[in-house]
Amino acid sequence: MENTGNLSQRALTNLAVTCPMRTAFLGALSSLYHATDNPAGAINLGMAQNDLICNEMLEKISSSTPLREVDLSYGDPHGSKRLRGRLAGFFNTYFNPHTPVLDNHILVTPGAGAAVYQLATVIADVDEYIMVPSPYYGTFDLDIRLNTGIRIFTVGIFHTETLSVDFVLLHRAMEKATSQGLRVKAILINNPHNPLGHREDIKLFIYFASRYNIHIIFDEVYALSTFSPFLREETNQGDHTSVRDKLAESPFCSALAVDNVPQLIDPKLVHVVYSLSKDFGLNGLRVGFIIDQYNDYLKQALILTSSFSYISTVTDRLVYNLFSDTVWIDKLIHTNLQRLAASYIRTTSFLSSHNIKFFPAQSGHFLFLDLRDDLRKRCGDIPTFSDEADLLNDLLHNGVYIAPGEGFHTVEPGFFRMTFSVEWNTLKRGLQILYHTLRSEPATHANKV
Ligand SMILES: Cc1ncc(COP(=O)(O)O)c(C=O)c1O
């Protein structure tokens, strides 16, 4: 019998949890560019990393860390009141909440992934389900399942031809699940959406959750990366509308902004997740939030367990300092949106002029590419996920990594997510490699990664 280290059954179950997104990334990792370890490595356009504001961020962080004696001691595991108060101001300014956000509506977590995990633990029990419509950001597989024994119930509801969500299919899947005795406790919606980069119709999802009396978690980590109102500015240099007016034009609507939530659903079932990883290019800082305006029990349960994993007092102070400079924050959001819009225009121009299909996006840092025709040309009429993995290997071998659709639980192979929040010279090289790989003969796959 295999020696499994005398671990708990929980740990062994964790080790068996599959996450195709992670598997693809780990498979590629040793081939990726790294400034010191692998300077000739492949360009990484497969991770949702926002590099467009890193200079501004580095400069500000370097001058924003004056600490106090108290910052060397234990902090408040769900974020200092001071920080939560400052963030309440931030959410009230940029998320247009119907009911003002207060400090006690916010819990600070070490990232959005941790926030989803923590919410899952207080919402569902072992063998219960959280519904996640696909395609979805694949790391939810880990956020929801590790340590919890919770299962994911997924259903592909996105029409690739009409670019719309099929709510009839969603309801049908839920009816079937409940008739089979599955206990679905929540639905997780990512708005704006990763990997599709569009906004979701949140009222229809709230109506759905209300009908089945389940929790609804909105992951809004790309809230302030809705660049579509800035596309006009890019093509019309005379447009100097302020960032807040621009955001008012934004197609994105936070769940916090829905005006009659208590009439639509028991508001104790609605939870919002946000983090600094994406809109502020701070993947590595590990700061996220749960915003819950109605469910005190849930907040008490979360506060109790937050002491096992929380941001340091130094990080708490740093974020407080950063968000205290509201003029700088406003300017940074504006700069980020302008750069995302500029990068989106350059990237989509390249893709269109090279006949590489993609789904137009309004938000986010990536484009979802539709390479199904390319895959068919390479492998025949009915490509498989193994053919998708072979194309990924060819791309990687030629010098670029993009994230395969299997990691997002697409229902058919041939989709890839490509990040465009990358400095243009690097991005252009990545795009050229993508184009040349798609137009060349497939390699033979002796050396799979
Ligand atoms: C939709 C979505 N949610 C959550 C995360 C994880 O965010 P964090 O770094 O704050 O844990 C990501 C990261 O790519 C994401 O795309």
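Reply: Two strands are taken to pair if DSSP finds at least two bridges between them; strands (E, at least two residues) and helices (H or I, at least four) are themselves DSSP runs, numbered from the N terminus. The model is predicted, with local features requiring pLDDT of at least 70 and side-chain atom pairs counting only at pLDDT 80 or more, while totals for chains, interfaces and linings use all residues. Residue numbers start from 1 along each chain, as its sequence is written.

On this basis, an open sheet is formed by 7 strands, whose order is β2-β10-β9-β8-β7-β3-β4 and whose pairing is mixed. At its edges stand β2 and β4 (151–153), each of which has a single partner strand, so one side of each lacks a neighbour in the sheet. From one strand to the next the twist averages 25°, an angle that, like those given below for helices, is taken between N-to-C directions on a scale from 0 to 180 degrees, along axes fitted to C-alpha atoms (for helices, over the stretch in contact).

Within this sheet, β3 and β7 run parallel and are joined by 3 bridges, with I130 standing opposite A186 of β7. Helix α4 lies across β2 and β10 (288–291), and its direction makes about 110° with that of β2.

Another cis bond joins N194 and P195, where omega is about 20°; P195 belongs to the loop between β7 (184–190) and α8 (202–212). The loop leading from α4 (81–94) to β2 (106–109) contains N96, a residue that is not a glycine and yet has a positive phi of about 50°.

Helix α17 (residues 424–439) packs with helix α16 (residues 385–398) at an angle of about 130°, the two axes lying 10 Å apart. The helices α16 and α17 are therefore oblique to each other, the word used when an angle is not under 35 degrees (roughly parallel), over 145 (roughly antiparallel) or from 65 to 115 (roughly perpendicular). On the α16 side the contact involves D394, L395 and N398, which meet I433, L434, H436 and T437 of α17, a contact being counted where C-beta atoms, placed from the backbone, lie within 7 Å. By class, the residues of this contact are 3 nonpolar, 3 polar and 1 charged, where Ala, Val, Leu, Ile, Met, Phe, Trp, Tyr, Cys and Pro count as nonpolar, Asp, Glu, Lys and Arg as charged, and the others, Gly among them, as polar.

Helix α17 packs with α14 (residues 326–353) as well, here at an angle of about 20° and with the axes 11 Å apart. This angle makes α14 roughly parallel to α17. From α14 the contact draws on S343, R346, T347 and F350, while α17 supplies W424, L427 and L431. The classes in this contact of α14 with α17 come to 4 nonpolar, 2 polar and 1 charged residues.

Notes
Two residues are in contact if their C-beta atoms, placed from the backbone, lie within 7 Å.
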